[in-house]
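Here is a short briefing on one protein structure. Please keep the sequence and the 3D view open while reading.

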Amino acid sequence: MSQSLGIKKLLIANRGEIAVRIVRACAEMGVRSVAIYTEPDRFALHVKRADEAYSVGEDPLQGYLNAHRIVNLAVETGCDAIHPGYGFLSENPDIARICAERGIIFIGPAAEVIYRMGNKTEARKAMMAADVPVTPGSEGNLDNIDEAISEAERVGYPVMLKATSGGGGRGIRRCDNEEELVRNYDRVISEATKAFGSADVFLEKCIVNPRHIEVQVLADKCGNTIHLFERDCSIQRRNQKLIEIAPSPQLDTLQRDYIGELAVRAAKAVNYENAGTVEFLLSGNDVYFMEMNTRVQVEHTITEAITGVDIVREQIRIAAGLPLSFCQSDINFRGYALQFRINAEDPRNDFLPTFGKVSRYYAPGGPGVRVDTAIYTGYTIPPYFDSMCLKLIVWGLTWGETLDRSARALDDMRLHGIKTSAPYYQCILENTFFREGQFDTSFVDANPDLLEYSEKKRPQDMAVVIAAAIAAHAGL
């Protein structure tokens, strides 16, 4: 396979579960995998599973962010390609540009496309030119607070101040009136500068309590662009996704066809290649383009579950110059799939991270259950990275079956030594509105009682259970 593919050796410019996911795809395709790691990840699973692994420094983060060093390492170790995964360098146009200069295949779109779609104001302009509806807002970046006030008065409060180069829910502030706009303006600029190295911000009308719907697209170098249907990402907290669903139980066939067509139109408008995700906000029957993510998504797993398409495999094939393995008419979906981001956080303590050693871990299994993770018993979750420690993906033929199977899978899982968000998800699964498929981005804030109830769902630590049983047996 590797000879016809043209890629024989691939460096993975990432860590954790997505690095493990890419290693597995390489193994199936006959491609040799190369992992990188910083010192805290020396004993990480992606390092153990890859064919080769190389240190990129002592600092926990900088090694994963140094595009020049990573591309140089790919050249030195004889790699044909680099896969950036998600996060870190995945949406940094510099690594795509450097790869092109050094003759390394970058598994993603071209640098200019990454820049254009990563710049929110440029992306809005491209979508408007392609007749893709966008949220009302400023035409470009804001020059000063006076312009921000003027634009807010034009579109009407509430409004959202957003970092132009932002992403992942950062650099965003809702403003319900002029006083809040004035108070948040400098704050968003500061956040944008620190997080993204750019002080540019723009303003949009705030769509109150929308549904957050995104569409997976694939586009090859031969001019073929298709979509793999949608995912519903409305269950989120502070703009961070918690549970993702495919397909959305809230869309009818006409809405599904329309939003899929919009996503394909958006990708074609910017000559997109590889895997990408077009994100929309839905309010009633109104659809608004929000952003495009120029990489594989954390939640690509549920699209794979309902369509049977291996998205990472297709990414590698597209980058190698091969046409898509299928056309739009070949793509159908079956059943429903949910992905639960199991984070090392304590929901009862404002979702405070709880990094530490995993004393016991037992993965859930059974029909329709998949786990993507890089943790194992004895692994210490470092405090330097995202708090997500595993992704639980559950598929079922019907919505009700998928919910019941999800509850069973969450109950099957045993993860001790740290607190996680799993008990909270069990409570969401019991919520009447969620079970009826009636929810939007306000769901978490509108149901604070679920945090209280989740304490009852928290599994006891195995050591505590054993100690109690021994004490009872001894009559103590």
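Arg21, Ile22, Ala25, Cys26, Glu28 and Met29 of α2 meet Ile311, Val312, Arg313, Ile316 and Arg317 of α13; contact means heavy atoms within 4.5 Å. This is a predicted model, in which local features need pLDDT of at least 70 and side-chain atom pairs count only at pLDDT 80 or more, while totals for chains, interfaces and linings use all residues. Residues are numbered from 1 along each chain as its sequence is written, and side-chain values use heavy atoms, with hydrogens and water left out.

**Helix pair α2 and α13**

- Helices (H or I, at least four residues) and strands (E, at least two) are DSSP runs, numbered from the N terminus.
- Helix α2 covers residues 16-29 and helix α13 covers residues 311-319; their axes come within 9 Å and cross at roughly 65 degrees.
- The axes are lines fitted to C-alpha atoms, for helices over the stretch in contact, and angles run from 0 to 180 degrees between N-to-C directions.
- The crossing of α2 and α13 is right-handed: the near helix is turned clockwise from the far one, whereas left-handed means anticlockwise by less than a right angle.
- The contact of α2 with α13 has 7 nonpolar, no polar and 4 charged residues.
- Here Ala, Val, Leu, Ile, Met, Phe, Trp, Tyr, Cys and Pro count as nonpolar, Asp, Glu, Lys and Arg as charged, and the others, Gly among them, as polar.

**Nonpolar cores**

- A nonpolar core is a set of buried Ala, Val, Leu, Ile, Met, Phe, Trp, Tyr and Cys residues joined through side-chain atoms within 4.5 Å.
- Buried means under 20% relative accessible area, exposed over 50%, and partly exposed in between (1.4 Å probe, protein chains only).
- The largest nonpolar core has 38 residues, of which Phe340, Ile342, Leu392 and Phe434 touch the most other members.
- Elements that each supply at least two residues of this core include β11 (240-246), β14 (336-343), β19 (388-396) and α14 (399-412).
- Helix α15 gives the most to this core, with 6 residues.
- Another core, of 34 residues, lies apart from it, and Ile7, Val23, Cys26 and Phe326 are among its members.
- Beyond four places in sequence, Ile342 has contacts including Leu392, Leu410, Met413 and Tyr425.
- Val369 is in strand β18 and counts as buried at 17% relative accessibility.
- Leaving out residues up to four places away in sequence, Val369 touches Pro364, Leu392, Ile393, Arg405, Arg408 and Ala409.

**Thr164**

- Thr164 sits in the loop between β6 (159-163) and β7 (172-175).
- Thr164 is buried, with a relative accessible area of 0%.
- Its side chain makes a polar contact with the side chain of Asn141, at 2.7 Å.
- A polar contact is a pair of N or O atoms within 3.5 Å; within protein, one must be able to donate a hydrogen and the other to accept it, and residues adjacent in sequence count only if both atoms are side-chain atoms.

**Backbone exceptions**

- Most residues other than glycine have a negative phi, and most peptide bonds are trans.
- The bond from Tyr157 to Pro158 is cis, with omega near 0 degrees.
- Ala246 and Pro247 are also joined by a cis peptide bond, with omega about -15 degrees.
- Phe88 has a positive phi, near 45 degrees, and is partly exposed at 29% relative accessibility.
- Asn271 has a positive phi of about 55 degrees and is exposed at 64% relative accessibility.
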